[in-house]
Amino acid sequence: MADTNDNTGQPKAATRQAETLFRAYMKAEGMRCTTERIAVLREVYGSGTHLDADEIYRRMKDRGIAISRATVYHTLDLLFRVHLVAKIDLGHKHTHYEQSHGVANHLHVVCEQCGLVVEIASAELGALLERLCCEQGFQLGSFSLQVFGRCIDGAAGKTCRRRRKAEK
Ligand SMILES: [Zn+2]
Ligand SMILES: [Zn+2]
Ligand SMILES: [Zn+2]
C-alpha cells in the first residue's frame with residue numbers, strides 16, 4: 001500500500017497523477033468534474049487501506065464534506081471503470097475499494113476468523129500469472145487477488161484478533 005501524503009502533507013505523486021487522469025476522463029466523457037468526485041478519489045488514496053463504500057461515505061461526512069451516499073457509490077464505480085481503484089472481496093457481503101494507480105499488483109491474505117488483511121507483493125507470483133495467462137493466449141493486465149485462511153496464533157508474533165470485533 002502506498003503512502004498518500006509526503007512529509008509536507010501534500011498529496012503524493014500517485015494521487016496527483018490519478019486526479020489528473022480522472023479529470024481528463026470526465027472531461028472526455030462530457031461530465032462535470034465536481035469537487036465531490038475528486039474528494040472520493042482522495043479519500044480512497046488517502047486511507048491507505050481497504051474501505052467499503054459506506055466507510056468512505058462516513059469518513060467524508062465526518063470530515064464535513066457534503067456528499068450523498070449515491071454520489072459516493074457512483075463515483076467509486078467511475079473510478080473502477082478508469083482503473084484508478086480496485087474492487088476487492090474480503091469475504092464480507094459488500095465490496096471493498098483500494099487505490100490501484102501507483103501501487104504494485106498484490107495478493108491479499110484474509111483471516112476468516114478475525115478479518116486481518118495482509119498484503120503480499122511477489123514478483124514470483126506475477127511471473128507465474130503471466131505464464132498462465134500467456135498459455136491461454138492472454139496478456140496479463142492488473143490483478144488483485146484474495147486468499148482466505150486463518151491466522152496461526154503466535155506466527156510472526158501475531159495473535160489472531162478473533163475475539164476482538166472483526167472488521168464488518
Ligand atoms: Zn490491497
Ligand atoms: Zn485472525
Ligand atoms: Zn467490510
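In the predicted model, the cover over the buried residues of helix H3 includes helix H2 (35-47), strand S1 and helix H4 (69-81). The residues of H3 (residues 53-62) that are buried are Ile-56, Tyr-57 and Met-60. Because these residues cover an arc of only 100 degrees around the axis, they are placed on the same side of H3. Just after H3, Gly-64 adopts a positive phi of about 85 degrees.

The protein as a whole contains five helices and six strands, and its elements follow one another from the N terminus in the order α-α-β-α-α-β-β-β-β-α-β. Of the 168 residues in the protein, 19% are buried. When contacts between residues at least 6 apart in sequence are considered, 55% of them join residues that are at least 24 apart.

Strand S1, which takes part in the cover over H3, also belongs to an open sheet of three strands, arranged in the order S1-S3-S2 with antiparallel pairing. Strand S1 (51-52) and strand S2 (85-88) stand at the edges of this sheet, and because each has a single partner strand, one side of each is left without a neighbour in the sheet. The pairing of S1 with strand S3 (residues 96-99) is antiparallel and runs over two bridges; Leu-51 has Tyr-97 of S3 as its bridge partner, while Asp-52 stands opposite His-96 in S3. Strand S2 likewise pairs with S3 in the antiparallel sense, here over four bridges, and within this pairing the bridge partner of Val-85 in S3 is Gln-99.

A further open sheet is formed by three strands in the order S5-S4-S6, and its pairing is mixed. Strand S4 (residues 106-111) pairs with S5 in the antiparallel sense over four bridges, and the bridge partner of Val-109 in S5 is Val-118.

Cys-114 is placed in the loop between S4 and S5 and, because it has 19 C-beta neighbours inside 10 Å, counts as partly exposed. Cys-151, by contrast, is placed in the segment after S6 and is buried, because 21 other C-beta atoms lie within 10 Å. The two assignments fall on either side of the cut-off, since a residue is buried if 20 or more other C-beta atoms lie within 10 Å of its own.

Ser-142 lies in the loop between helix H5 (123-135) and S6, and it is exposed, because 11 other C-beta atoms lie within 10 Å. Along the chain Ser-142 is 38 residues apart from Ala-104, whereas the C-alpha atoms of the two residues are separated by 8.9 Å. With its neighbours within four places in sequence left aside, Ser-142 is in contact with His-83, Ser-100 and Asn-105. Among these contact partners of Ser-142, His-83 is found in the loop between H4 and S2. His-83 counts as partly exposed because it has 14 C-beta neighbours inside 10 Å, and it has a positive phi of about 60 degrees although it is not a glycine.

Note on methods: Residues are numbered from 1 along each chain as its sequence is written. Chains are lettered from A and ligands numbered from 1 in the order in which they are written. This is a predicted model: local features need pLDDT of at least 70, side-chain atom pairs count only at pLDDT 80 or more; totals for chains, interfaces and linings use all residues. Two strands pair if DSSP finds at least two bridges between them. A residue is buried if 20 or more other C-beta atoms lie within 10 Å of its own, exposed if 12 or fewer, and partly exposed in between; C-beta atoms are placed from the backbone. The arc is that of the directions from the helix axis to the C-beta atoms. Two residues are in contact if their C-beta atoms, placed from the backbone, lie within 7 Å.
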